[in-house]
Every structure is written in structure tokens, then in C-alpha cells.
Amino acid sequence: MPADRALIVVDMQNDFMPGGALAVPEGDTIVETINRLARRFSNVVLTQDWHCPGHASFASSHPGREVYETFDAFYGPQVLWPDHCVMGTPGADLHPGLDIPHAGLILRKGYHKEVDSYSAFLEADRKTRTGLDGWLASRGITDIVVCGVATDFCVGWTACDARHFGLTVSVVEEASRGIDLDGSMARAQRNMDIAGVNVVTMSQLVD
Ligand SMILES: [Zn+2]
């Protein structure tokens, strides 16, 4: 791949795999595809959802609330999730089958207790930057390819925010999987379309 292009592998962590605390169906079936895809890139970023115990996105932090309910957080609607990806726990570890030793950056997000961060660029308050935009810019990267889980949350939000920072963005279909909660998959596809994100297959990516 050209030097100005990077692969962003989103949240391929144990808790998002079948059997995990917040499983994405078939999340484990894309590991090999992602490994194969990553070998085509010299610039790779891995992200990890990385919450403190008692995080605001956990239903367990809101007495009387149910998992998958939407909560009115100070920054807007927030889906309440099962406890997942608690920092330092095995569920937060990257999937052991990921084989991307040349990844240059592991970016953790969602560690501020009161604010979630689906996006690898901006926290859910839509103001606080993770620093990824600066990392990419300082390396001259203008074009990113995004894959991982979940298409309708962290992958989609990352892809749309990257457009906001002026990047060219492609999401690789067969290297991503979604949850599809109350129509979230269709919503994400619509948002990506509006933002100008290209949804592509691996064979459409030109080295
Ligand atoms: Zn999370």
C-alpha cells in the first residue's frame, strides 16, 4: 500500500468475540481476513475499547436501568452496555489470533469514566480528541482503511469522524462485523454514505 495510507483495526478484543461480554456475531471469523489485510500495509493502528470499572456506558453503573436501554447522557443518547473491556482484564485483551506485529500504534479509548468513545478520533462528547488525527497527520497519512468490530458502532463512528478530519476513508466489508441493535446497521450505512465513506471489498483495494 502507498506510504500515505494506514489500516485501522478497530476493537478486535476478546469481549467483542462470541462468548465474550458484548459479543459481536461472527466477530472471530474475520481475524484471519484482517491478518491477511494487515500484511498489505506498512502503517497499522490497532484500537482497544478500554473502560475503567464503573464506566458510564455500563448499564450496571445506572441502578434501575437495563442493558441495551438508551440513557440520556450529558453529551446525548448513550446505549447502556453490559460491562465490557474493563482495562487490564482478559476481556479487554486483543484477540490472540491477531498476528500484526508490525502495528505501529495501539490506541486506547473510552477510559474517561463519564464519557464513552465509539470513535477512535473523538470521544462521545464530540470534542475530546484521542490524538489519532495528529498521529496520522504527523506521519503524512491522508487515506485510511478501517475494519474490525462493530461496523454499526466503533467502526462506523471511526470512519465518519475520519472524514471530518479530511481523510479519505474506506471500510472493508468482509473484514468487519456488526451487532445490528434496533436498526443500527442500516443507520450506520446511511451515516457512512452521507459522510462519504467508501464501503469496499478487499479486492477493490488497490495496492
Ligand atoms: Zn465500550
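**Pockets, helices and backbone features of the predicted model**

A162 is buried, its relative accessible area being 0% (buried means under 20%, exposed over 50% and partly exposed in between, with a 1.4 Å probe and protein chains only). The structure is a predicted model, in which local features need pLDDT of at least 70 and side-chain atom pairs count only at pLDDT 80 or more, while totals for chains, interfaces and linings use all residues. Residues are numbered from 1 along each chain as its sequence is written, and side-chain values use heavy atoms, with hydrogens and water left out.

A162 sits in helix α3 (helices, H or I with at least four residues, and strands, E with at least two, are DSSP runs numbered from the N terminus). Beyond its neighbours within four places in sequence, A162 is in contact with F121, I144, L167 and V169, where contact means heavy atoms within 4.5 Å.

On a 1 Å grid over the protein atoms alone, a pocket is an open set of points with protein on both sides within 12 Å along at least five of seven lines, whereas a cavity is a set where a 1.4 Å probe fits but cannot get out; lining residues have an atom within 4 Å of a point. Points are joined across faces, edges and corners, and a volume is the space filled by probe spheres set on them. The largest pocket holds about 520 Å³ of space. Its lining comprises 25 residues, with P77, Y118, F153, W157 and R187 nearest the centre. By type, the lining has 14 nonpolar, six polar and five charged residues (Ala, Val, Leu, Ile, Met, Phe, Trp, Tyr, Cys and Pro count as nonpolar, Asp, Glu, Lys and Arg as charged, and the others, Gly among them, as polar).

The search of the whole structure gave one cavity of 30 Å³ or more. The largest cavity has a volume of about 110 Å³, and 14 residues line it, with F16, L22, W81, F153 and C154 closest to its centre. Ten of these lining residues are nonpolar, two polar and two charged.

With seven residues, α4 gives the most to the lining of the largest pocket. This helix has twelve residues and spans 16 Å from first to last C-alpha, close to the 16 Å expected at 1.5 Å a residue (the expected span is 1.5 Å times one less than the number of residues). Within α4, S184, A188 and M192 are buried. Seen down the helix axis, the buried residues of α4 fall within an arc of 70 degrees, so they line one face; the arc is that of the directions from the axis to the C-beta atoms. Their cover includes α3, β7 (168-177) and β8 (198-200), while D193 and I194 are exposed on the other side of α4. After α4 comes G196, with a positive phi near 85 degrees.

Helix α1 (residues 31-38) is mostly covered, as six of its eight residues are buried. Its buried residues pack against β1 (5-10), β2 (44-49), β6 (143-149) and β7.

Some backbone features fall in loops. V149 and A150 are joined by a cis peptide bond with omega about -15 degrees, and A150 is in the loop between β6 and α3. Y68, although not a glycine, has a positive phi of about 75 degrees; Y68 is partly exposed at 38% relative accessible area.
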